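Please keep the sequence and the 3D view open while going through the points.

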Amino acid sequence: MQAIIIHRILQIIPVLLGISIITFLLVSLAPGDPAEISLKAILDTDSPSPEAISVMRAEMGLDQPLHIRYFIWLSRVVQGDLGFSYLSHKSTVHEILYALPTTFYLAALAMSISIIIGIPLGIAAAVRQNGLLDHFCRIFSVIGNSTPEFFIAIILLLVFAINLKILPVAGSGGFQYFILPSVVLAIGLIAITSRIMRTSMLDVLEENYILTARSKGLDRKTIITKHAIKNALLPVMTYMGTQFGWLFGGAVIVESIFALPGIGRLTVEAVETRDIMILQGCMITFAIIFVVINLVVDLSYIYLNPAIKYEEV
Amino acid sequence: MKKHFCILVLMLFIAVLTLGCTGTQTGIQQSAKPTTLTLAAQWEPKTIDPHEYGYTGQRIGYTESLTGVDYEGKVIPSLATDWSVSPDGKTWTFTLRKGVVFHDGTPFTAEAMKKSLERSLTKSMSFAAVPIAGIDASDTQTLVVRMNKSFLLLPAYLSRGEASALSSSSWDANGTIIKPIGTGPFMFDSWKPKEEISLVKNPRYWGTGALVDKVVYRIIPEALTRNMLLKSDEIQLAVIMPPDIAVGYMNQSGFTVQQQSIPRVRMISFNNIKAPFNDARVRQAVNYAIDRDALITSVLEGIGTPGTGLFPPDSYWANKSIQPYPYNLDKARQLLADAGWKDTNGDGIVEKDGNPFRVKLLTYSERAELPPMAEVIQQQLKKAGMDMEITVGTSTATEGIFKTGEYDMYLMGRGVLFTPDPDEIMMTDYHSSGTSKNAYGAFRWNNSRVDSLIEQARTTQDLSARKAMYDEVQSIVVAETPVAYLNYYVNLDITNDKISGYRSHTNEYCYHLENVYFV
């Protein structure tokens, strides 16, 4: 067991290294001189002087060749030094740590909502296949999955914040500020979660051991609650785990609309202002979160399902 | 298993809930008595240090500088009541306002201003072009600024937020900001990054005091969200709204839309050294062939002011006597014919020496309205017999082409008053020393009268005399038309009718929230 875990952790290293190269190249090779763009923002002018640009280039370390810049950059990143925002003069780590709790909270809340609603909905739809609820569930998932988040956000804002005036529009002053954004994020997730739960449930209900249980004379309720759900949940949990990372992506839009100070908004602003250090920091943070969550899901899979044995990898 | 699972989910949910409650628990103050003005803007201060990022403090009113900028965009007294310069232009003397105290109660003196300005010079890159040799406090109310060389724009530069007066208790021994302690009508209370800045009224303000007790400045990057906040009554003022949203408020009772042209002009810069635009008559023909009102109605949702000269009409520096080019196709065709361009083969496009009129217009996509505007111009010019091809790229890419001179027209948005004085834009865009170096304005164009007027204005102190010189420059430029001014950018601010007293500022220099009150 331990060997498997160590092996899986070691597998992460090349993945992260690859990500670091892509991140670095994407930002370095993007058109435009970062020094000039920074100066335009700092000085609020269209044409900063060439002297100022060359000073800025040296300050940002842009006068070195690309591969040398990568290794300098990587060695600093490994030591936890992701540089400074040229705008706020705060360290990237500080900015990200400030933003991360908001996004975690938002993602966790959205995840909770989608578990509480999506899983029972999927079970109910499977138990009464082709019933009224199943049809409703199908329509809901098509709409929920195909409607863009910003559109759902506007509709919910119009209803709950402007017409009913029961929830605030934007900000992060307390729990009530997180209700609408997390519901927006949860809707797309519920749509898929309920479908996967339904499919998985239907598969399980056709298994031989269910037939055995039924022929043994167990009542339907016991079969479903004691035998079917337990087994049907496994693929859903895997899916949900990976979706936690996806929620961070959805946060980019939702945090901008609801003006939440999370990492999604930090990324958008870093792109707009070409705040390179912050942008690289955000991309690496997203990558690490994704990789770590995948690892946790993988490992929990082994733990949860003794039938799966990662004997030789 | 199901039971366990339910408990797990429930616990996760509760944990998440409590996590949220332990965070910032300030919420929105709902008490009726002390009045709180709440506004939303997209601008986020990158740091709370006004000497590094000065706009926010100046706009919402907790900092002030020696000079200010009025609604017409000209430099006016603020913390300095009067200033003068020695004949050689190297020594500036500022008389400071009496009876001003910082928010911490310490008096505002020349010595305090000297310390504050010296810190500005080290903290901000805004003064890189200002040749300051030294600052002296000659007595408590007199500040002397010595220059390395003659520099007449100092009062304009000192209006910047980065030059605001801060009490020395604003920063610690290392020079790091603790809290901005200025002199403005509001005192800084708190800052939640990416969320809001709270201010309270300054009871000891030297001018007319503020009419509201508190101000909350909310940082909302999405215009859509500012729109929602306005609709739900959470804010009373939303600044810089896009035209499509503002149009919806224009006929709606309970709201007021303020339309303010800002010193940024959309214009076409001609390639003045290349045929056909090396002929002024052809450039004038383009001016007559463009229907400026149609550009505004079809591309800008009807919001905009047709371009006349370099500065928007309500700016102090605008030459208000300039007549805009009217839309006149006959005149355009006539001018083209005078220049030798006639439609001889009847295909609708004019020719000269057998070559059809075909020009290339360059523009960029970062300013979203420019490419559609280029398409409308293309149709308009075709009516006068001019065939125009459009190249759209990123601003970096088009700038590269622009610098090589491989273009005929460059459509762009150009900010014209980065410092509240025309000198900078005149020198870079219209004086031959600037136009010879790929200027964004009159590309490779020069006019000796314009050169001498701009030089003369640099050494003239009298404001109205300088304005007369710049007025003449503007009329020469419009007549010779090395550039075609199309229209000005407009800021749209929306207030709800619960408040009164707000006025949009031409370059967003200051919101003057001290004049705002609840009706």
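1. Helix H7 of chain B, residues 280–289, is mostly covered in this predicted model, since 8 of its 10 residues are buried. The buried residues are Val282(B), Arg283(B), Gln284(B), Ala285(B), Val286(B), Asn287(B), Tyr288(B) and Ala289(B).

2. In the loop that runs between S12 and H7 of chain B we find Pro276(B). The peptide bond leading from Ala275(B) into Pro276(B) is cis, and its omega is near 5°. As background for this point and for point 4, most peptide bonds are trans, and most residues other than glycine have a negative phi.

3. H3(B) covers residues 110–123, which makes 14 residues, and from its first C-alpha to its last it reaches 20 Å, close to the 20 Å expected at 1.5 Å a residue. Which residues of H3(B) are buried? They are Ala110(B), Ala112(B), Met113(B), Ser116(B), Leu117(B), Ser120(B) and Lys123(B). When one looks down the axis of H3(B), these buried residues fall within an arc of 150°, and therefore they line one face of the helix.

4. Two loop residues of chain B deserve a look at their backbone angles. Lys194(B) is not a glycine, and yet it has a positive phi of about 65°; its loop is the one between strand S8 (186–192) and strand S9 (196–201) of chain B. Ile240(B) also has a positive phi, near 50°, in a residue other than glycine, and its place is in the loop between strand S11 (237–238) and helix H6 (243–250) of chain B.

5. Are these residues buried, partly exposed or exposed? Lys194(B) has 22 other C-beta atoms within 10 Å and is therefore counted as buried, because the cut-off for a buried residue is 20 or more such atoms. Ile240(B), with 18 other C-beta atoms within 10 Å, is partly exposed.

6. Thr459(B) sits in the loop between helix H14 (448–458) and helix H15 (463–480) of chain B.

7. Taken as a whole, chain B contains 15 helices and 21 strands, and along its principal axes its C-alpha trace spans about 80 × 80 × 45 Å. Of the 519 residues in chain B, 47% are buried. If we take the contacts in chain B between residues at least 6 apart in sequence, 68% of them join residues at least 24 apart.

8. Chain A has 12 helices and 0 strands, and its C-alpha trace spans about 85 × 60 × 30 Å along the principal axes. Buried residues account for 37% of its 313 residues. Among the contacts in chain A between residues at least 6 apart in sequence, 72% join residues at least 24 apart.

9. The domain assignment divides chain A into domain 1 (2–89) and domain 2 (93–312), and the C-alpha centres of these two domains lie 32 Å apart. Where the domains of chain A touch, 23 residues of domain 1 are in contact with 20 residues of domain 2. On the domain 1 side, the elements that give two or more residues are helix H1 (2–29) and helix H2 (34–43) of chain A, and the largest share, 11 residues, comes from H1(A). Sorted by class, this side of domain 1 of chain A has 15 nonpolar, 7 polar and 1 charged residues.

Terms used: Residues numbered from 1 in each chain as written. Chains lettered and ligands numbered in written order. Predicted model: local features only at pLDDT ≥ 70, side-chain atom pairs only at ≥ 80, totals over all residues. Domains from an automatic or database assignment. Contact = placed C-beta atoms within 7 Å. Helix = DSSP H or I, 4+ residues; strand = E, 2+ residues; numbered from the N terminus. Nonpolar A, V, L, I, M, F, W, Y, C, P; charged D, E, K, R; others polar. Buried ≥ 20, exposed ≤ 12 C-beta atoms within 10 Å, placed from the backbone. Expected span 1.5 Å × (residues − 1). Arc of directions from axis to C-beta.
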